[in-house]
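Have the viewer open while you read.

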Amino acid sequence: QVQLVESGGGLVQAGGSLRLSCAASGLTFSNYGMGWFRQAPGKEREFVAAIGWSGGSTYYGDSVKGRFTISRDNAKGTVYLQMNNLKPEDTAVYYCNAGVTEGLMTYNYWGQGTQVTVSS
């Protein structure tokens, strides 16, 4: 059974930093692209960042470029999101995602989310 467990969320003042972690189990972690998404109250889920299976490719949403950094440790089966210079508009539930396409099949898994609240 695949499990993605996020941690590291919390309350922080604007300008502060947080580091989110997502520990994966039940899958061959190094085969999967990993990503972070977020959803604020009343808004649609938004892409934040993604990283390729080897860690050599990273992608960011426009709103977080230059402030957030995604990384992964395949030996630990964990993906991270370092968030710096946080803004109140970064307040959301942050979700970890794992995805892979094998042949004609696409496998996609989500964590339960971790709350990030940035106060002004």
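## The disulfide and the core

Cys 22 and Cys 96 form a disulfide, with their sulfur atoms 2.1 Å apart; the cut-off for calling a disulfide is a pair of cysteine sulfur atoms within 2.5 Å. By that rule the count is one disulfide. The pair ties together distant parts of the chain, 74 residues apart: Cys 22 sits in strand β3 and Cys 96 in strand β9. Strands here are DSSP runs (E, at least two residues), numbered from the N terminus. The torsion about the S-S bond is -80°, so to speak a left-handed link.

This is a predicted model, where local features need pLDDT of at least 70 and side-chain atom pairs count only at pLDDT 80 or more, while totals for chains, interfaces and linings use all residues. Residues are numbered from 1 along each chain as its sequence is written, and side-chain values use heavy atoms, leaving out hydrogens and water.

Both cysteines are buried (under 20% relative accessible area; exposed is over 50%, partly exposed in between; 1.4 Å probe, protein chains only):

| Residue | Relative accessible area |
|---|---|
| Cys 22 | 0% |
| Cys 96 | 0% |

Now for the largest nonpolar core, which has 29 residues. Such a core is a set of buried Ala, Val, Leu, Ile, Met, Phe, Trp, Tyr and Cys residues joined through side-chain atoms within 4.5 Å. Among the residues with the most contacts inside it are Met 34, Trp 36 and Tyr 94. Strand β9 (92-102) is one of those supplying at least two residues, and β9 gives the most, with five.

Notes
Helices (H or I, at least four residues) and strands (E, at least two) are DSSP runs, numbered from the N terminus.
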